[in-house]
Structure formats: structure tokens, C-alpha cells
Amino acid sequence: MEAHRQFDFRNQHYVGQEGRLIPLLQKAQETDGYLTRDRILEIHRETGIPLSNIYGVATFYAQFRMTPVGKNLIRVCHGTACHVAGAKDIGEAIEETLQISNGGTTADRLFTLETVSCIGCCSLAPVIMINNDTYGNLSERQVKKVVKQVQAAGAAGKGGRA
Amino acid sequence: MKVLVGLGTCGIAAGAERTYQALVDRRAANGSSFSLAKTGCIGMCYREPIVEFRHPDGRRYQYGNVTPDKLDRLFSEHVEGGRPVGEWLLWSDDGTGSEQAYYAQQTRIVLRNCGIIDPESIEDYLAVGGYQALGQVLQQNKPDDLIAAIIQSGLRGRGGAGFSTGMKWRFTRMAKGDHKYVICNADEGDPGAFMDRSVLESDPHSVLEGMAIAAFAIGADAGYIYCRAEYPKAIERLTRAMQQAEAAGWLGQDIGKRGFSFSIRLKEGAGAFVCGEETALIASIEGKRGMPRVRPPFPAVKGLWGCPTCINNVETLANIPWIVQKGAAAFAALGTKGSKGTKVFAMAGKIQRGGLVEVPMGISIRQIVFGVCGGIKEGRKLKAVQMGGPSGGCIPFELQDTVIDYESITKTGAIMGSGGLVVMDDTTCMVDVARFFLDFTQRESCGKCTFCRVGTKRMLEILTRACEGKSREGDIERLEELAVRVKNNSLCGLGQTAPNPVLTTLKYFRSEYEAHVNNRKCPAHKCGPLLTYSITDACAGCLLCIKACSVGAITGERKRKHVLDPSKCNRCGQCYKVCNVSGAISVD
């Protein structure tokens, strides 16, 4: 609950503004890693926004997660250019290496695997992002190597051409 | 000597930060024999990291793939010896370099400062004439003349639909309301398009200036930038640019001491493609689910919180300062009868030179693909180009002489869209491409209209069946019928255009659909479940494929031709992938 205390949203400048719900949820997710039930109830109590509205918004947008994520978030780009360049094989290679399916989290909570529509690095296709680092021009073998490196380090390294 | 490193997202992904750090270290070690600066996207994403050497007399030399280990040679030969390193040189203004053709056919208006200035420095932007256009319109104080000039320039919205920007401004100006808003649509959701990200990362001030000019023209006092959360670098640079512009008095209260006030707030999107549609975008800023509503009333009359609102795309706004400074006639001189100015294309896919190009309207697809971008990778054959993302369509090889303007592109069944241009070669399966886009639109449908919500799902099922060899009779006709209905019975652009990828591929590549549905074959050898593998006489008997086969379908001994039992084969393709002998495993 330590992280919970860090985020006192009465101090957030969004409070009292129109259209504040999405920034509040974004801030909550940034602090907690995902949207906890406690936090949603807290936002409801403090702002008076009906719970149904909060859940409606939270489930509409792809960004919001209702389950915890692993320490490292792997995002496999499935944009047009990456698709044509074999993003499916890249995703499967990661699934095979980590033994999880898309959207899943490893048992040791080190990795969560997600697919995204487009990261916007189309000329480096196929691309993946591990946390905020982008890796481009990947082959199946290279992507396995990258994931294993991060696995060994226990934390994400710097971005780069794998 | 000034050394610039391109630090857009593409550059960083290719390792530009390591190069930059190596330059910082070099500078610290050798004393400051050169000055170092960051810049945005230079455009040649395929050669990142890119480093530019800018001489005090203005000569410029751009080098590609500059990893830290190349710096020693660059410095000893170019800086100390005064001899440019020909083999790595991409472009120089003295006419040398391997990529001259890339620049030669481009006209840079939107990208005029990209890769030239430091996006994190307002001084750099001011030095190239930044905020002069805003100063000029405030001094003239004739918003109606300004709008007339924008109409005269022929600028049309670059977000996709191509509505006249000046007309949009006029409608918003004429609408009655206490408050008016300007919104910059930076929710670039089309997979395959990244020009807005590049402009925001490389030249954020030009977008802010464009917004301020728009606000002055329509009488708005507040603005929003709605930017995708997937673009962290763009958000970071925009935030910094907004702070700088406020500190310098180009945003905020009483701008330029002319009594005009305008403030901008940045809203991060939360990952919904439909929020690129203007009424959905407004709902999202208001903190609701991003679902479109019926128009009219158009946002120009009743938009954000019920107030008249003008929504323009990033690229549109970046054009504005240039038009104000150089005049409407200069802009209208470029392009075709109905489409003026330039268009930025994000080139991706199986192309030699992938990156950002800005070309005048009226250039043909062939000129962009082969002239500017050097043709297809690995010398393969062009099959189609995909324009306009999930709302667009595939333009086949035979129509490559189609010129780039709104009307000609629409005539092919595709749309101009935001300007993503994905090039496909003969290894691309068009049914698979259509399925890819339907998978996307089906997931991103907000669910409001039944035809979009259910229809796209049914279409996806038909396409998935086709790719897996499970098609039923009449699937192509069913697909066509659904496509037309979804198109006609959806409220917003997402649903109305979602069937375009299917309709265009059906129109131009019907034989591929027939092969999938009727013959259970994939001519491009892409759809795994439709392929048949067999071992030919070229087999050297290396046992690799036997080890790779998970179902034990291949048998044989070392140095003897192996045998594949088709009844056991699960068509996973592993044998084909591991085989080192060309032609030993054939695919049909």
C-alpha cells in the first residue's frame, strides 16, 4: 500500500476540472501499475463520478489494465509494416521463450507480453518495445536473444539494434 | 563546425543516443573543437543513426549508419583532413552523396525544419523565422483576410478527409459562442503512418504557432493537443515547447502585446483508434468513452463542451506558418487543380528507402516508390501499395501511374488518408492483408453501430476461414455483401471506411480470393495452413528437417533423400525454415 499513499489525488490539478477522469485514471495506473479496485472506489468517492461511468471509461480504452503487470512490459508492434515483415513470428518467438501467451504475465512477474497497433517506427520493422526502449530490424533469433538478455539482467537494458 | 545527431524515435531505436553520447565524450576529451546539437528526424529512417557535419560557411554533410566506432574515421578524414568520407556520405549540398535522389524530388514545407533545428530549443526555431507569422497576423489584425488567404491557398485537411481548412475556420468563426476552441488532432492511430509523430518530435513549435494562428483567426482563447500516449518522445518535446513558448510570450496572456490570449493544454490519448474521429476525440477530451455522435451539428458549431471548435491535424497546422509567411499564391502554385501544396508520406514495407518524404501533390505513385525511395527491397516485384491505413485500400501495380491528389486516389477505392504508404511485394498475400486490417478495425470499433460492431466481426471470420483453408461456399459473395452494408450503415468514418481494404483487394486481386476459397491455395505462399510441403531431389540428407519436425512427418537417413509423409504433416513450415539447401523443400 506504500505506492497507494504516494498518489494523493486531491493534490492532482485535474480535480475540479471538466474531463478529469481520464487523466486521473492515467495517473492511477502510472502509480499502481494497473487500476486497482480500491483506487477506482477512491476516485468515485472523491469526485462523485458514478462507478458505472468510471468502469465504462476504464474498459473502453486499451491503455487501462485491470490486472497487475510484470516488471518489464514487452510490446510487440503489429502495425502494417511490421505485419508484412513478420510480426506474428516475432510474437510467437517471445511466447515460446517466455512460455506465456499474448496478454499474459510470466509466473515470476518479470514480463508481461502485449501487442500494440503501431509504435510508429515502421521503417525499422519488425519492432518491439521493452518498457520505453525500442528494438528494431529483428529476426526470431535476435528477439529471443534480447528477451533472454533482459531476463538475465532482471531489468531492461538500453534500446538499440539487437 | 557543428555536429548534429538525429534523435527522433527511429534514430533512438537504431542507437543514435549511443552515438550522441560518444560525441559528448569525444568533445570532453578533445576540448571543444566542435559544437554538438540534437535535431529531430532527418527523414531517412533506413539509414539511422544519422549525423550531420555543418561547416561554419554553411556546407552540410550527412552521414548514415553512424555507430560510435565510425566516429574516429569521420573525424580524422572529414574534420581534420577536410575530405568527406565518400562511402558513408548520404547527402551533401555540394551534390555528392549516395542518397541525392531521395532529396531531389522533395519539396519541404511541413518538414522544413525537421532535421535542421534542435526541437528542444525555441531559439533555434526563432532563428529560422519562427513565430514571425504569428507576429505578422497579430499586427495586421484582420482575421477575415487571414481566413480568405487560407481558403485561397487551397489547403485541405491532411488528416484524411481533405476538407478545406480555410472553410472550416470560417464556419467556426461565424458560429456563435462565448468560448471557442482549437484542437490539434495528434492521435495518429493509422498503423503505418508516423509523419505526425515526426513533426511533433522534430518541430513542435511550428504546430503551436499554427494553432495560435488558427485560434486568432476563429476567435478562440483555448486549445488542446490530443496526442497518442504511445508517443512519449513527442509528448515530452511538446510539453517543453509549450513551456518555452509561454515563457517567451508566444502563448498565454496578451500575446505580442496585442491583446490576444491563447493557452494550450496537452491531453494524452488512452489508446483508442476511433478517437481520431473528431466527435469521438471531443468526447474523449470531455472524459467520456470515445464514441462518435451524429453530425450535424458539426464541431464547428457545437464541439467541445458545446462550444464552436475547430479541429485540425498536425500536418495541416504545420503548413499554416509557411502559408502566412510565403503567401497563399506560393502554396497554391504547388500541386494539382484540386489538391494544393505538398503531402508527407511515411514510407514503409518492402521498400529500399523507408522514411518520411514530402512531395508536391500531383506526383505519381511510381515516382515516389521508384524515384524517391529507390524501388523494392531485394529487387523483388512491386505488387501493391497500401494507402490510408485501415480506412484505405490497396492500389495495385497496374495503377502505379495514379497521381497523388485527393480525387485520383479516391477513384481507385483507396483514400489519401493521413499518408501512410506501405509497399508490398510479391511475397505479400492480399487476403492476409485484408484480414490484418479487418482484425484491426474489428478490435477498434467502438460498438455503437451494429453493422460496424457485428459486421466487421463476421467479415473477419470469413477472411480468417479463407486464410486457414476452411472457407465455405459463397464466402466471397457474403464478404462483398457485408462490406457494402457496413459501409452504408455506419455513423462515423471508422465504420464507413473499414471495408475499404476488403473492397479494394476484392476489386484488384479477386483471383487470390478465389484461390483461397475455392482451391485452398495461397499464391503468395503466406498462409501456412494452405501450403503443401514436399522434399525434392535436391535434398542433401542432412537430418535438420527431421529434427525440426514436431510431428515426426519426415523420415530418412544421413546423406539420403528424406521423405515427407503428407498425411502426418501439420504444415507448420519449420522444415522449410531450417533447410539450408535451396530448393530442397518445395512449397505449393
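Author: Happy to. Two strands count as paired if DSSP finds at least two bridges between them. Strands (E, at least two residues) and helices (H or I, at least four) are DSSP runs, numbered from the N terminus. This is a predicted model, in which local features need pLDDT of at least 70 and side-chain atom pairs count only at pLDDT 80 or more, while totals for chains, interfaces and linings use all residues. Residues are numbered from 1 along each chain as its sequence is written, and chains are lettered from A and ligands numbered from 1 in the order in which they are written.

Let's start with one pair of strands. In chain A, strand S1 (residues 72–77) runs parallel to S2(A), and six bridges link them. Look for A:Leu73, which sits opposite A:Thr112 of S2(A).

Now widen the view. The open sheet in chain A has four strands in the order S2-S1-S3-S4, with mixed pairing. Strand S2 (111–116) and strand S4 (133–135) of chain A are at the edges with a single partner strand each, so one side of each has no neighbour in the sheet. From one strand to the next, the twist averages 20°; axes here are lines fitted to C-alpha atoms, for helices over the stretch in contact, and angles run from 0 to 180 degrees between N-to-C directions.

A helix covers part of this sheet. Helix H6 (residues 87–98) of chain A lies across S1, S2 and strand S3 (128–130) of chain A, at about 155° to S1(A). Residues are in contact when their C-beta atoms, placed from the backbone, lie within 7 Å.

The loop between S2 and S3 of chain A is worth a stop too, as it holds A:Pro126. The peptide bond that joins A:Ala125 to A:Pro126 is cis, with omega about -10°.

Finally, turn to the partner chain. The contact between the chains takes 35 residues from chain A and 43 residues from chain B. H5(A) gives the most, with four residues. By class, that side has 17 nonpolar, 15 polar and three charged residues, where Ala, Val, Leu, Ile, Met, Phe, Trp, Tyr, Cys and Pro count as nonpolar, Asp, Glu, Lys and Arg as charged, and the others, Gly among them, as polar.

Definitions and conventions:
Contact = placed C-beta atoms within 7 Å.
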